[in-house]
Amino acid sequence: MRIGTFVLAAQFPGQGPGEALHRAVRSAEAAEESGLDSVWLAEHHFVPYGVCPSATTLAALLLGRTRRIRVGTAVSVLPNHHPVALGEQAALLHLTSGGRFSLGVGRGGPWVDLEVFGGGLDAYENGFPEALELLLDWLREPRVAGSGERFGFREVAVVPRADELLDGAAGAAGTSGPEVIVACTSPKSVRLAAGRALPMLLGMHCGDEEKAEMVALWRTAAREAGHPPEVVEGAAHVSAGVAQIADGPGDAKETLVKTMPGWLRQGLDAHVTVDARHRVMRDPVAYTELLCALHPVGPPKLAADRLAATAERTGITRFALLVEGSGDLAATEENVRRLGADVLPLLT
């Protein structure tokens, strides 16, 4: 069982972005200090839901401040990036960290980001497969040319090569480069990831039954794509969730129900669609209560039992858990500490 944190750099009501980012950095440092496996960083633009606009930049900072823990993006929004530029950043982080970087990518949403960064709605609706293929080529091949509908360019050398770690470094010489993970929210994205044998990141809004169905679909599609059994069965998918640890049976939920709806309300309401399409927003209180019911929110034993149950039902043994739901720095650090000290030993 590998337990990591999911860092949004959430800006709660009354806070500034600097406070949110400081809490994000400290929570990641605390994760390493507490013996957790990984830190996963989200990318958002123009909204207080999360004030980290570059997960790769924040990953670089955290990789420099840590020595053991894996740092990944969850996710870098591919329609907002040129795949070659993102591939260059991923290779750089992979090589300089000794193989501790994971690149999570996703399609994102139909937000105004697409207008600002020039990708346009087509990059969101149709362009993800082409962008993903170009990104993978950049991370795996010595020379790459762009020959798709959106990205066309002459063949160029890949510098630096992502598979050229020094001997003795984590993920020794001959590695295939940084791990790439795909955020999946639909059967189409599941099949896309499976066809390339890429593990999935599954969202915190999904319950165990839905995640189990997506894992089963991934395995079927991966087998149909010709991937060998050891690849199909060994895929290290990641389950996103929420974690809040407290001794009293209702204390953890009470903390989140007091704090998270205000953040969700202002954060989600700030999203603007690129084409004025209608969007239905979740009720913040009901959504918080759903998350509390699905994930490790409660005393350590309950939290460990829920993680173990998810692993048993879905086959997923890697977790990215939102730990900043209290909105408070000291409480977030204590929450991370308790995950490592009180919950993790129950899972080994």
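I began with the lining of the largest pocket, where α7 gives the most, with three residues. The model I am reading is predicted. I then looked up the volume of this largest pocket, which is about 1500 Å³. Its lining counts 48 residues, and the closest to the pocket centre are Gly108, Gly109, Trp111, Thr185 and His205.

I listed the elements that each supply at least two residues of this pocket lining: the helices α4 (113-116), α5 (120-125), α6 (128-140), α7 (187-195) and α10 (251-269), and the strands β8 (179-184) and β9 (200-202). I sorted the lining of the largest pocket by class and found 27 nonpolar, 14 polar and seven charged residues.

**Cores.** Next I turned to the largest nonpolar core, which has 72 residues. Leu41, Leu132 and Met200 touch the most other members. Helix α6 gives the most to this core, with eight residues. A second core of 29 residues is separate, and Phe12, Trp40, Tyr49 and Ala240 are among its members.

Leaving aside residues up to four places away in sequence, Leu41 touches Val7, Ala55, Leu58, Ala59, Leu62, Val71, Gly72, Thr73, Ala74 and Val75.

**Peptide bonds.** Ala74 and Val75 are joined by a cis peptide bond, with omega about 5 degrees. I placed Val75 in the loop between β3 (70-73) and β4 (76-77). I also noted a cis peptide bond between Val159 and Pro160, where omega is about 0 degrees. Pro160 sits in the loop between β7 (152-157) and β8.

**Positive phi.** I looked for positive phi in residues other than glycine and noted Phe46, with phi near 70 degrees. Phe46 belongs to the loop between β2 (38-41) and α2 (55-65).

Ala197 is not a glycine either, and its phi is positive at about 60 degrees. I found Ala197 in the loop between α7 and β9. Ala197 counts as partly exposed because its relative accessible area is 22%, and buried would mean under 20%.

**Helix α13.** I took the span of α13 (residues 329-343), a helix of 15 residues. From its first C-alpha to its last, α13 reaches 20 Å, close to the 21 Å expected at 1.5 Å a residue. Which residues of α13 are buried? They are Thr332, Asn335, Val336, Arg338, Leu339, Gly340 and Val343. I then asked what covers them, and the list includes β1 (2-7), α1 (17-33), β11 (244-245), α12 (300-314) and β13 (318-322).

**Cavity.** Last, I looked for closed space. How many cavities of 30 Å³ or more are there? The count comes to one. The largest cavity holds about 60 Å³ of space. Its lining has 14 residues, and the closest to the centre of the cavity are Ser239, His295, Pro296, Thr310 and Phe319.

I noted that α8 (208-224), β10 (238-242), α12 and β13 each supply at least two residues of the cavity lining. By class, I counted seven nonpolar, four polar and three charged residues in the lining of the largest cavity.

How values were computed
Residues numbered from 1 in each chain as written. Predicted model: local features only at pLDDT ≥ 70, side-chain atom pairs only at ≥ 80, totals over all residues. Heavy atoms only, no water. 1 Å grid on protein atoms, 1.4 Å probe; cavity = no way out; pocket = protein on both sides within 12 Å on 5 of 7 lines; lining within 4 Å. Points joined across faces, edges and corners; volume = space filled by probe spheres on them. Helix = DSSP H or I, 4+ residues; strand = E, 2+ residues; numbered from the N terminus. Nonpolar A, V, L, I, M, F, W, Y, C, P; charged D, E, K, R; others polar. Core = buried A, V, L, I, M, F, W, Y, C linked by side-chain atoms within 4.5 Å. Buried < 20%, exposed > 50% of the residue type's maximum accessible area, 1.4 Å probe, protein only. Contact = heavy atoms within 4.5 Å. Expected span 1.5 Å × (residues − 1).
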